[in-house]
Amino acid sequence: MQATILDGKATAAAIRERIGQDVTRWMQSGGAVPCLTAILVGDDPASQVYVRNKHRACQQVGIDGRVERLPAETGQAELLELVRRLNADPEVHGILVQLPLPQADDPAARIDPREVLDAIDPAKDVDAFSPVNVGLISQDRPRFLPCTPQGIVRLLAHYGLRTAGRRVVVIGRSDIVGKPIAMMLASKDGVCGPDYANATVTLAHSRSSDLPSITREADILIAAVGRPELIRGDWIRPGAVVIDVGINRVGDRLVGDVAFDEAVAVASAVTPVPGGIGPLTIAMLLQNTLDAAKRSAGGQTV
Ligand code: NAD
């Protein structure tokens, strides 16, 4: 069997084009220019690239992408003050703090990322990290959906790969990917309709025993681990769909959490790295920013 390669780049381009049309229509009808402000602390090269890519993507669809750059020595109080200022700024609809935040050697001077993320107004929390937004997702009445999990569901829907009634195994239990995608696929009403929810979900992690025997049960296997090529071909059930979220730098190459060549020989469909879930993550950030602008105009808080 030779798997279909799920082209995240092309799918994201189509979604971005549609968002661009929506932004134009929204502004023609008198809506405010949707605005996303990214906070970048320090000079981590990978974070700079991520913020630059997000900024460029905003510009391409007509969203006002702003970046607040702060030096690595910035303290917690200063960062919280900036978040509060952006919360109060009616021109700003979405706020994101680029992670990881730099960590000072002196423990007393360290930034607590949780406190900073919690300070973002949930109505502007386009990454959907705040406890309020996570709680809304868990109750099947989401306001924002976190970008990477939302991108996964949209990619599955784009290719007609239904999840309802099927066994999904998610590896990794992070707040950003593993836990929310497990919750979303187990829910009743999915972001792309019930066909792309209603799965029977297993959430595996670093303390799961005999991981290969768990992954072999999966009709749809989602890897969000951060370990290069951990998942081998013989961990995959023949004909399964494999979604590889991992982005790992090995020398000068980027590889996923799945041994791609081995997966292609066993699975029915596989996402590549790069060019799989990554581009969709950014497209979903644009979608959430446009949604935030529309909600703010409607005076909605939930
Ligand atoms: P994380 O480090 O917060 O969580 C990793 C999870 O993997 C943990 O829950 C841990 O229990 C589990 N884990 C670790 N080692 C394991 C093992 N040997 N066996 C089973 N489980 C194990 O990571 P994250 O933020 O969820 O990111 C995961 C990967 O996805 C990273 O490579 C990251 O770069 C990538 N990522 C990609 C995108 C994208 O847009 N494509 C977005 C976010 C994260």
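Biologist: How many cavities of 30 Å³ or more does a search of the whole structure find?

Modeller: Please keep in mind that this is a predicted model. The search of the whole structure finds 1 cavity of 30 Å³ or more, and about 50 Å³ of space lies in the largest cavity.

Biologist: What makes this space a cavity and not a pocket?

Modeller: A cavity is a set of points where a 1.4 Å probe fits but cannot get out, whereas a pocket is an open set. The search finds 1 such cavity at the cut-off of 30 Å³ or more.

Biologist: Which residues line the largest cavity, and what makes a residue part of the lining?

Modeller: A lining residue has an atom within 4 Å of a point of the cavity. The residues that line the largest cavity are Leu36, Ala38, Val51, Lys54, His55, Cys58, Gly65, Arg66, Val67 and Leu96. Strand 2 (35–41), helix 2 (45–61) and strand 3 (64–70) each supply at least two residues of this lining, and the largest share, 4 residues, comes from helix 2.

Biologist: How is the lining of the largest cavity divided by class?

Modeller: The lining has 6 nonpolar, 2 polar and 2 charged residues. Gly counts as polar in this scheme, while Cys counts as nonpolar and Lys and Arg count as charged.

Biologist: What share of the contacts in the chain with a separation of 6 or more comes from residues 24 or more positions apart?

Modeller: Residues 24 or more positions apart account for 71% of those contacts in the chain.

Biologist: Why is Gln287 called buried?

Modeller: Buried means under 20% relative accessible area, and Gln287 has 9% relative accessibility, so Gln287 counts as buried. Gln287 is placed in helix 10, and, not counting residues up to four places away in sequence, Gln287 touches Arg18, Ile19 and Gln150. Gln287 and Pro238, 49 residues apart in sequence, are 35 Å apart in space, C-alpha to C-alpha.

Biologist: Why is Ala119 called partly exposed?

Modeller: The partly exposed class lies between buried, under 20%, and exposed, over 50%. Ala119 has a relative accessible area of 23%, and is therefore partly exposed. Ala119 lies in helix 4 and touches Leu80, Val83 and Asn87, not counting residues up to four places away in sequence. Ala119 and Glu81 are 38 residues apart in sequence and 9.5 Å apart in space, C-alpha to C-alpha.

Biologist: Why does Arg237 count as partly exposed?

Modeller: Arg237 has 36% relative accessibility, so Arg237 counts as partly exposed. The place of Arg237 is in the loop between strand 7 and strand 8, and among the residues that Arg237 touches, not counting residues up to four places away in sequence, are Arg216, Glu217 and Val266.

Biologist: What is said about the phi of Glu229, and where is Glu229 placed?

Modeller: Glu229 has a positive phi of about 55° although it is not a glycine, and its place is in the loop between strand 7 (220–223) and strand 8 (241–244). Glu229 has a relative accessible area of 28%, and is therefore partly exposed. Asp210, not a glycine either, has a positive phi of about 50°, and Asp210 is found in the loop between strand 6 (200–204) and helix 8 (211–215).

Methods: Residues are numbered from 1 along each chain as its sequence is written. This is a predicted model: local features need pLDDT of at least 70, side-chain atom pairs count only at pLDDT 80 or more; totals for chains, interfaces and linings use all residues. Side-chain values use heavy atoms; hydrogens and water are left out. On a 1 Å grid over the protein atoms alone, a cavity is a set of points where a 1.4 Å probe fits but cannot get out, and a pocket is an open set with protein on both sides within 12 Å along at least five of seven lines; lining residues have an atom within 4 Å of a point. Grid points are joined across faces, edges and corners, and a volume is the space filled by probe spheres set on the points. Contact means heavy atoms within 4.5 Å. Buried means under 20% relative accessible area, exposed over 50%, partly exposed in between (1.4 Å probe, protein chains only).
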